Amino acid sequence: MIEKLNKIREKAKIEITESNDEQSVLKVKSTYLGKESEISEVMKQLKDLSIDEKKIIGKLSNEIKNEISDLIKEKLDVIEAKSSKKVSFDHTLPVDKDTGSLHPVTVVAEEVVSILKKMGFIIVTGPEMENEYYNFEGLNVAKNHPARDMQDTYWLENGKLLRTHTSPCQVRAMEKYGAPLRIVAPGRCFRNEDLDASHENTFFQLEGMVIDKEVSINNLIYVMKNILKDIYNKDVEVRLRPGFFPFVEPGFELDIKCLICDGKGCPTCKGSGWVELCPCGMVHPKVLEYSGIDPNVYSGFAFGIGLTRMAMFKYNIADIRVLNSGNINSLKQTGIE
Ligand code: FA5
């Protein structure tokens, strides 16, 4: 019996050494330590032995069982350590230099927001999947109003739409906070547009709005000039043209001299030397009224900067499509760290 037990021990040791995954180790465990194992059979025969033999064989059987059990535990620990090593992450390794950078639109958005925050603006957001009311009616754009055709809309099967501009954030903020109000709302917009060097179907705008007593166009121009000067680090030539938007009166188009061709004319500015960057105007009294603000007490201005275009001119990107392309080499040329 002693010889048999020693043989079992040696066989078990070999099988444990040769098992390299959890499943095979557990199989060895059940073979050598389970109820039907050879050692259990030996133990069952103890009753037929003399007291002295019982002591020797019983002790040896237990020793061997413990030894096998320890070896199995050790082996399982080794296997587990190896498998967890595969998914472990070494925080001390040096960072790969090619890890990417902020997107140019993000950089510009953060810059404009930080300028406006210093002037007391708060950041607000709104959903990209918007209700018709906030995208149009609340902004004085009634159903069948021709102004709706200016913004080719992606309508969704659930009756909602992909917001065509960030202006719905004006309405939501007026409803939520009332007057006085200073908000900035950067965000993604969608239009079913034909793509070209300056038009994308998915682009970013940044909405700004101020409502207070005695707000004037002068305040609007002051804010716009400050933003442009800080973003482009130089005085950018701008022009104001009358512009029509049902939610502002009077409304303007603020154009900047094309920074790609310096006003000479190129595909980006469609040969005109000027690029439309930021429509703006004094908030229409009806829009204030719709959101519960008394237009006899309060007035305000609003603007909608084309952030994607702003990023193009800051980083000298001649074609807007580069910005959504995910083309790392093109984006790298912006020099953003
Ligand atoms: C609007 O979207 C108005 N909501 C802006 C506004 C806000 C007016 C507040 C008055 C008061 P517009 O459709 O012109 O206006 O777009 C604003 C800017 O977004 C444009 O000047 C342009 O810079 C940018 N933009 C518009 N369409 C695209 C497009 N398809 N691709 C890239 N940029 C675009």
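Modeller: On a 1 Å grid over the protein atoms alone, a cavity is a set of points where a 1.4 Å probe fits but cannot get out, while a pocket is an open set with protein on both sides within 12 Å along at least five of seven lines; a lining residue has an atom within 4 Å of a point. The model is predicted, with local features requiring pLDDT of at least 70 and side-chain atom pairs pLDDT 80 or more, while totals for chains, interfaces and linings use all residues. Residues are numbered from 1 along each chain as its sequence is written, and side-chain values use heavy atoms, without hydrogens or water.

The whole structure holds one cavity of 30 Å³ or more. The largest cavity has a volume of about 60 Å³ (the space filled by probe spheres set on grid points that are joined across faces, edges and corners). Its lining includes Phe136, Val141, Ala147, Arg148 and Met150. Gln151, His165, Phe245, Pro246 and Phe247 also line the largest cavity. Sorted by class, this lining has seven nonpolar, two polar and one charged residues (Ala, Val, Leu, Ile, Met, Phe, Trp, Tyr, Cys and Pro count as nonpolar, Asp, Glu, Lys and Arg as charged, the others, Gly among them, as polar).

Next comes the open space. The largest pocket contains about 740 Å³ of space. Its lining consists of 39 residues, and those closest to the pocket centre are Arg191, Gln205, Glu276, Pro279 and Arg309. Two or more lining residues come from each of S5, strand S7 (248-257), S8, S9 and helix H10 (307-314) (helices, H or I, at least four residues, and strands, E, at least two, are DSSP runs numbered from the N terminus). S8 gives the largest share of this lining, eight residues. By class, the pocket lining has 18 nonpolar, 13 polar and eight charged residues.

The ligand sits in this largest pocket (more than half of its atoms lie within 2 Å of the grid points). Two or more residues of the shell around the ligand come from each of strand S5 (202-212), strand S8 (274-283) and strand S9 (299-306). S8 again has the largest share, here five residues of the shell. The ligand is surrounded by 26 residues, of which the closest are His165, Ser167, Arg191, Glu193 and Glu200 (a residue is near a molecule if one of its heavy atoms lies within 4 Å of it). The shell is made up of eleven nonpolar, nine polar and six charged residues.

Some of these residues make polar contacts (pairs of N or O atoms within 3.5 Å). His165, which also lines the largest cavity, has a side-chain N or O atom 2.8 Å from a nitrogen atom of the ligand. Arg191, one of the residues closest to the pocket centre, places a polar side-chain atom 2.8 Å from an oxygen atom of the ligand. The backbone takes part at Leu277, where a polar atom is 3.5 Å from a ligand oxygen atom. Alone, the ligand exposes 670 Å², and the protein buries 96% of that area (by the Shrake-Rupley method with a 1.4 Å probe).

Methods
A polar contact is a pair of N or O atoms within 3.5 Å; within protein, one must be able to donate a hydrogen and the other to accept it, and residues adjacent in sequence count only if both atoms are side-chain atoms.
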